[in-house]
Amino acid sequence: NDMRNLETAIKSVKKCEKHAQGAISYTISPIYTIDSWLDMARRIESMGADSICIKDMAGLLKPYVAYELIKRLKEIIDIPIHMQCHATTGMSTATYLKAVEAGIDNIDTSISSMSMTYGHSPTESLVAILESTERDPGLDIKLLEEIASYFREVRKKYAKFEGSLKGVDSRILVSQVPGGMLSNLENQLIEQNATDRMDEVLEEIPQVREDLGFIPMVTPTSQIVGTQSVLNVLLGERYKVISTETEGLLKGEYGATPAPVNRELQTKVLKGAEPISCRPADLLEPEFEKQKIELLKIAKDESINLANEDDDTLTYILFPNPGLKFLQNRNNPDAFEPVPTIGQD
């Protein structure tokens, strides 16, 4: 929700003559109110965005709050409004329905066989709810069922990657953990043979989030809060070890936080230095061409056939080690884990 980052991204997208959607990461804290979300939406529209998305990554947006928010947004902005709600708290379908009643333009859903828990409300359910109303999306439920049937079988191949959540997790209403973060936390605790300490981690998260300036719980900041909470719980002492990412956030490397961070903790990390006050990316030197030259040299030395120099350079920049392994073995499936099959251990 750092408007400086959104502005830079929107300008870049518009420069390429593409659709720029400005996302509002919905969260609950003493900092945010309906009026603050309205102000953020006005600013996003003024930046030249083509649409706005309300990203409810933890499923915290309540139905009647959604109705008021959408209704008031429709009064002050002209661009389309989209919404994405996760189903972890059990409120997403009701929230979508109230948002539709308020005039929202688009909602994100998942085909039923891939829906709910960590995902979104089922497409078919919303289609059935809205059938024969003025907001009827006009989708064929029988054709949707064919799609659901296909992915029902596909999902079986990835059973071992499924999280433990089987229904609604009301703990998220307090901890505000997004669905994707919840599965990451589970994996971290599994690796440490400490799955029985999940409740302690979820209880620790709100305190860590407050110490870090009530940052929205969305990638990557949600992972930062989650990892630090795991460290605090497993080590038995708050901030005995501070992760590199937590240090970076306290130094200002991730942008402005909605509220001031814990000053004592920040002082400990800064060690006499000053925090970054500008947009952090403005301090970075242009890297793309440098990284491209580096990759082209590696490709020449190792006889790697690049499919697209720009795309492959981005892969190399974003994922240096696994990305390079992928480029080296793009046509060699034996270099990677086997393709999942139904019934695979």
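How many helices and strands are there in the chain? In this predicted model, the chain holds 15 helices and four strands. The radius of gyration is 22 Å, close to the 20 Å that the globule rule gives for 345 residues, so the chain is as compact as a globular protein of that length. Along its principal axes, the C-alpha trace spans about 60 × 50 × 50 Å. Of the 345 residues, 41% count as buried.

The chain is divided into three parts: domain 1 covers residues 3-161, domain 2 covers 177-283, and domain 3 covers 287-335. A distance of 35 Å separates the C-alpha centres of domain 1 and domain 3.

Several of the local features fall in the loop between β4 (106-107) and α5 (123-130), where Met114 is placed. Together with Ile147, Tyr150 and Phe151, Met114 makes a nonpolar surface patch of about 370 Å².

Met116 is also located in the loop between β4 and α5. Its phi is positive, near 65°, in a residue other than glycine. With a relative accessibility of 32%, Met116 counts as partly exposed. Thr117 is found in this loop between β4 and α5 as well, and has a positive phi of about 45° although it is not a glycine. Thr117 is buried because its relative accessible area, 14%, is under 20%. Most residues other than glycine have a negative phi, and most peptide bonds are trans.

A cis peptide bond is present between Thr219 and Pro220, with omega about 5°. Pro220 lies in the loop that runs between α9 (198-211) and α10 (221-235).

A disulfide is a covalent bond between the sulfur atoms of two cysteines. The structure contains zero disulfides. Among the cysteines, Cys16 has a relative accessible area of 52% and is exposed because this value is over 50%. Cys278, at 31% relative accessibility, counts as partly exposed.

Technical notes:
Residues are numbered from 1 along each chain as its sequence is written. This is a predicted model: local features need pLDDT of at least 70, side-chain atom pairs count only at pLDDT 80 or more; totals for chains, interfaces and linings use all residues. Side-chain values use heavy atoms; hydrogens and water are left out. Domain bounds come from an automatic or database domain assignment. A disulfide is a pair of cysteine sulfur atoms within 2.5 Å. Buried means under 20% relative accessible area, exposed over 50%, partly exposed in between (1.4 Å probe, protein chains only). Patches are made of residues with over 30% relative accessible area and no salt bridge: like charges are joined within 9 Å, nonpolar side chains (Val, Leu, Ile, Met, Phe, Trp, Tyr) within 5 Å. Accessible areas come from the Shrake-Rupley method with a 1.4 Å probe; for residues, only the protein chains shown count as cover. A salt bridge is a side-chain nitrogen of Lys or Arg within 4 Å of a carboxyl oxygen of Asp or Glu. Helices (H or I, at least four residues) and strands (E, at least two) are DSSP runs, numbered from the N terminus. The radius of gyration is taken over C-alpha atoms; the globule rule is 2.2 Å times the number of residues to the power 0.38.
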